[in-house]
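Reader: Hi! I have a structure open and would like to talk it through with you. Could you help me read it?

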Amino acid sequence: TATNNITPQRLDGRALTESRPLLLTFRRTHAFSSTTVTLGGTTRATSTVTCELTPPANADKPNDGKVVIDVTLSPMACMAWDEKGGSADGGGGDQNVLTHRIGRILEKLVREGGALDAEALCVESGAWVWKLIL
């Protein structure tokens with residue numbers, strides 16, 4: 001609520017109900033597909049999906065494809081991180097722990113949450129399945 005004729009604003013000058021401009025960029029080749037979301041020209045998130053045909057990883061489940069989730073966070077995400085994944089102050093491992101946690105959460109959502117049917121990745125039972133790397 002505005003008091004004394006002062007309109008609340010965010011630090012970047014936007015009104016509280018105003019969103020940042022959104023730009024979606026899509027890129028596709030024969031080997032991969034990627035999407036980049038840019039908010040306001042300064043915040044960027046990129047997602048890439050690659051796939052390859054492989055023999056089934058588990059002989060007990062010859063119709064199940066494989067999904068691998070790889071999370072990478074830029075050192076720019078937190079000023080305390082160094083390029084090797086640890087804290088610049090020597091605390092070490094903060095970035096690696098966070099990327100591992102995010103990866104595990106995403107894996108659970110995809111595998112256990114029913115977001116992707118592993119059997120739908122089967123090309124030929126017992127011979128070829130798709131391996132998706134997200």
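Reader: Which side chain meets Glu-107 in a salt bridge of 3.3 Å, N to O?

Author: That is Arg-111, whose side chain forms the 3.3 Å salt bridge (N to O) with Glu-107. A salt bridge here is a side-chain nitrogen of Lys or Arg within 4 Å of a carboxyl oxygen of Asp or Glu. Before we go on, this is a predicted model, where local features need pLDDT of at least 70, side-chain atom pairs count only at pLDDT 80 or more, and totals for chains, interfaces and linings use all residues. Residues are numbered from 1 along each chain as its sequence is written, and side-chain values use heavy atoms, with hydrogens and water left out.

Reader: Thanks! Where do Glu-107 and Arg-111 lie?

Author: Both are in helix 1, four residues apart, which is about one turn of the helix. Helices are DSSP runs of H or I with at least four residues, strands are runs of E with at least two, and both are numbered from the N terminus.

Reader: Which residues are linked with them in a network?

Author: The network of salt bridges links Arg-104, Glu-107 and Arg-111. The side chains of Arg-104 and Glu-107 meet at 2.8 Å, N to O. Those two are separated by about one helical turn because they are three residues apart in helix 1 (residues 94-111).

Reader: Is Glu-107 buried or exposed?

Author: Glu-107 counts as buried, at 16% relative accessibility. Buried means under 20% relative accessible area, exposed means over 50%, and partly exposed is in between (1.4 Å probe, protein chains only). Arg-104 is partly exposed at 40%, and Arg-111 is partly exposed at 46%.

Reader: How many salt bridges does the structure hold?

Author: Three. One of them joins the side chains of Arg-14 and Asp-12, at 2.7 Å, N to O. Arg-14 is buried, with a relative accessible area of 14%, whereas Asp-12 is partly exposed at 48%.

Reader: New topic! How much space lies in the largest pocket?

Author: About 670 Å³. On a 1 Å grid over the protein atoms alone, a pocket is an open set of points where a 1.4 Å probe fits, with protein on both sides within 12 Å along at least five of seven lines, and lining residues have an atom within 4 Å of a point. The volume is the space filled by probe spheres set on the points, which are joined across faces, edges and corners.

Reader: And which residues lie nearest its centre?

Author: Of the 20 residues that line the largest pocket, Ala-45, Thr-46, Ser-47, Thr-72 and Leu-73 lie nearest its centre. Strand 3 gives the most to the lining, with seven residues.

Reader: Where is Leu-53 found?

Author: Leu-53 is in strand 3 (residues 43-54). With 41% relative accessibility, Leu-53 counts as partly exposed.

Reader: One last thing: how many bridges join strand 1 to strand 2?

Author: Seven, and the two strands run antiparallel. Two strands pair if DSSP finds at least two bridges between them. A hairpin of three residues connects strand 1 to strand 2, and Arg-28 stands opposite Ser-33 in strand 2. Strand 1 (residues 22-28) is hardly covered, as the count of buried residues among its seven residues is zero.
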